[in-house]
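Please examine the sequence and the structure shown below. The paragraphs that follow lead from the parts of one chain to its contact with another.

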Number of protein chains: 2
Amino acid sequence: MGRNSLNVAVVGATGAVGEEFLKLLVERNFPFKRLKLLASPRSAGRKVKVGDEELVVEELRPDSFDGIQLAFFSAGASVSREFAPLAVAAGAVVVDNSSAFRMQDDVPLVVPEINPEDLKWHKGIIANPNCSTIILALPLYALHRALGVRRVVVSTYQAVSGAGARAMQELRDQLEHALRGEPITAEILPVASAPRHYPIAFNVIPQVDLFAEDGFTREEWKMVRETRKIFHAPDLKIAATCVRVPVLRSHAESVQVELERPVTVVEAREIMARMPGVEVWDRPEEQIYPMPYQTSGTDPVYVGRVRRDPTVEAGLLFWVVGDQIRKGAALNGIQIAELLLQQGLLSHAR
Amino acid sequence: MGRNSLNVAVVGATGAVGEEFLKLLVERNFPFKRLKLLASPRSAGRKVKVGDEELVVEELRPDSFDGIQLAFFSAGASVSREFAPLAVAAGAVVVDNSSAFRMQDDVPLVVPEINPEDLKWHKGIIANPNCSTIILALPLYALHRALGVRRVVVSTYQAVSGAGARAMQELRDQLEHALRGEPITAEILPVASAPRHYPIAFNVIPQVDLFAEDGFTREEWKMVRETRKIFHAPDLKIAATCVRVPVLRSHAESVQVELERPVTVVEAREIMARMPGVEVWDRPEEQIYPMPYQTSGTDPVYVGRVRRDPTVEAGLLFWVVGDQIRKGAALNGIQIAELLLQQGLLSHAR
């Protein structure tokens with residue numbers, strides 16, 4: 001298919017990640033002929049600016065994918081489970097940002113800088129990893145390839161935008177009320193569908209997504225299982241604690257890694273800095289380290305606070321920050337699509 | 001000395017911790033005869049309500065401690081270094097909340113639930129540990145005593161009040177401006193005396209206190225060295241990453257512990273719940289875990305999210321939250337003073 005005949009759909013076009021998809025499609029000159037914005041009936045009819053054009057959001061329906069070759073899904077797992085197979089049946093390749101298909105054996109889970117070769121065996125759906133997984137995976141893979149990673153303990157500081165645009169509004173609303181000394185209400189966080197909601201203003205919540213087995217949340221299991229799949233390292237040992245913080249955008253993570261062999265801080269910085277998509281900002285003597293307020297809206301994943309872990313033979317501590325809507329979601333999805341185009345993989349046996 | 005003849009001084013009476021000292025002295029019916037509030041010339045003359053009485057803050061001077069038997073210091077390390085020896089020379093016992101004397105061999109560093117026996121050998125100054133250390137130490141000591149702790153990796157989520165009342169105001173001011181879309185300024189955090197300041201509104205800062213050796217901050221080293229001293233465990237292995245979050249009050253910490261022998265989650269909860277000063281709030285199936293907004297202004301240290309660490313033979317993960325102005329500072333100080341009184345230790349060879 002010619003690059004200029006590409007019809008692209010964005011499902012969940014009015015969400016936080018969907019909006020970023022649209023921004024990036026324009027910013028990166030993604031070669032689409034027609035762009036179809038799809039969303040729930042609630043958002044259908046809304047006008048959205050994409051570059052210089054104004055597009056009308058259409059209601060997502062089973063027949064929405066006629067003539068579409070590429071569809072970005074970012075509207076939650078249940079929408080993906082229902083509509084992604086329909087898009088594939090209609091001939092589209094789906095890049096899915098939800099958790100619906102990530103752990104399916106016949107669906108590649110791809111971070112383009114790490115496992116681009118997995119795109120080759122896609123059967124119509126390619127899964128985009130979870131945001132906190134992608135941000136951890138980039139610097140971790142650099143260490144894994146160079147030195148071998150034995151074990152990872154990670155604690156996250158996750159922005160509310162990971163829970164969508166409504167969670168961002170909830171944080172703003174709560175802060176405005178709290179600053180005026182008024183009572184606040186919580187309806188979205190930690191998880192919209194969970195029975196209990198807690199304030200995020202002036203608070204941290206040690207729950208991201210629903211609870212799953214062994215006392216871990218789904219988000220914590222995602223970091224474990226998705227990283228193993230991306231790295232093709234089924235035995236990689238990872239323990240995660242995922243925490244929501246009152247930040248609008250960009251996740252941060254405090255990481256402890258045990259390696260197969262010792263490494264100096266200078267070498268570790270160099271190894272991570274050579275990884276595409278990673279920037280090292282690490283000059284403690286000048287108080288230089290990455291923080292969410294600096295990294296939001298940018299593409300790389302940033303590493304700082306690299307230290308030898310004095311409690312083990314071959315351990316490292318570091319801090320990583322990345323915009324979870326960009327590299328953690330939409331950017332990674334677009335990069336997948338760009339690779340599919342380059343490699344002529346934007347088709348599949350129906 | 002009779003309990004009713006006790007003259008007490010509070011140095012730094014107008015700071016965040018000083019105010020809490022005053023509140024707790026009243027709340028706990030601490031048996032003082034006279035209360036002397038001391039502060040810098042800037043705050044001298046201010047009137048402060050203590051219980052039903054209104055007291056005038058006096059300027060801290062070398063002769064401020066005449067006739068004082070007990071002095072709480074909470075005005076920073078340099079004030080303690082200058083004035084605590086003068087208070088001791090005047091006959092007072094000093095409970096010092098600063099870092100000035102904590103690691104001195106002739107100064108006990110005490111968490112009353114853990115090492116009350118160390119009070120016996122004081123020589124006039126008793127040091128109150130750092131807030132994040134106390135909050136970690138309570139549940140960790142329970143595990144250490146019952147099972148033996150080999151190694152600890154901790155990442156903190158520290159409230160701005162750890163940096164004083166001005167940092168709390170800075171967070172509020174920044175949020176008000178940011179919510180109106182106005183530019184914000186940063187003058188206090190991460191460390192007032194450091195060259196660079198960063199916003200804390202909608203941000204997290206991976207620096208608490210100044211940087212020290214090996215890329216760790218002083219705050220991170222405090223957690224290591226103070227815990228070892230309190231536990232009388234000079235070889236205890238601890239690695240800390242200390243992070244400031246936009247919370248007004250109560251620190252949280254994500255903790256990974258390697259133990260001498262395995263323990264079930266149920267046993268671990270019981271061991272920690274039996275520790276005085278610790279409450280276990282841990283029912284993931286009901287989304288019950290401690291958070292700063294619930295724990296601020298209360299005395300205990302709260303533990304939740306207890307899980308077996310699947311990456312090691314005998315490992316545990318847990319989450320701990322405590323009001324760092326209360327148990328993390330003023331309450332621990334008052335508890336030290338109460339023990340000194342009970343044990344007749346409120347005197348020393350001059």
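In this predicted model, the domain assignment divides chain A into domain 1, comprising residues 3–129 and 329–342, and domain 2, comprising residues 132–323. The C-alpha centres of domain 1 and domain 2 of chain A are 25 Å apart. Between them, 13 residues of domain 1 of chain A are in contact with 18 residues of domain 2 of chain A. The side contributed by domain 1 of chain A consists of seven nonpolar, four polar and two charged residues.

Helix H1 of chain A covers residues 16–27. Its 12 residues, at 1.5 Å a residue, should span 16 Å, and the distance of 17 Å between its end C-alpha atoms therefore agrees with that expectation. Which residues of H1(A) are buried? They are A:Ala16, A:Val17, A:Gly18, A:Glu20, A:Phe21, A:Leu22, A:Leu24 and A:Leu25. The elements of chain A that cover these buried residues include strands S1 (7–11), S3 (47–50) and S6 (70–73), together with helices H4 (165–179) and H8 (326–342). After H1(A) comes A:Asn29, which has a positive phi, near 50°.

The contact between the chains draws 51 residues from chain A and 51 residues from chain B. On the side of chain B that touches chain A, at least two residues each come from several elements, among them strand S9 (149–157), helix H4 (165–179), strand S11 (251–259) and strand S14 (315–322) of chain B. By class, this side of chain B comprises 31 nonpolar, 10 polar and 10 charged residues.

Definitions and conventions:
Residues are numbered from 1 along each chain as its sequence is written. Chains are lettered from A and ligands numbered from 1 in the order in which they are written. This is a predicted model: local features need pLDDT of at least 70, side-chain atom pairs count only at pLDDT 80 or more; totals for chains, interfaces and linings use all residues. Helices (H or I, at least four residues) and strands (E, at least two) are DSSP runs, numbered from the N terminus. The expected span of a helix is 1.5 Å times one less than its number of residues. A residue is buried if 20 or more other C-beta atoms lie within 10 Å of its own, exposed if 12 or fewer, and partly exposed in between; C-beta atoms are placed from the backbone. Two residues are in contact if their C-beta atoms, placed from the backbone, lie within 7 Å. Ala, Val, Leu, Ile, Met, Phe, Trp, Tyr, Cys and Pro count as nonpolar, Asp, Glu, Lys and Arg as charged, and the others, Gly among them, as polar. Domain bounds come from an automatic or database domain assignment.
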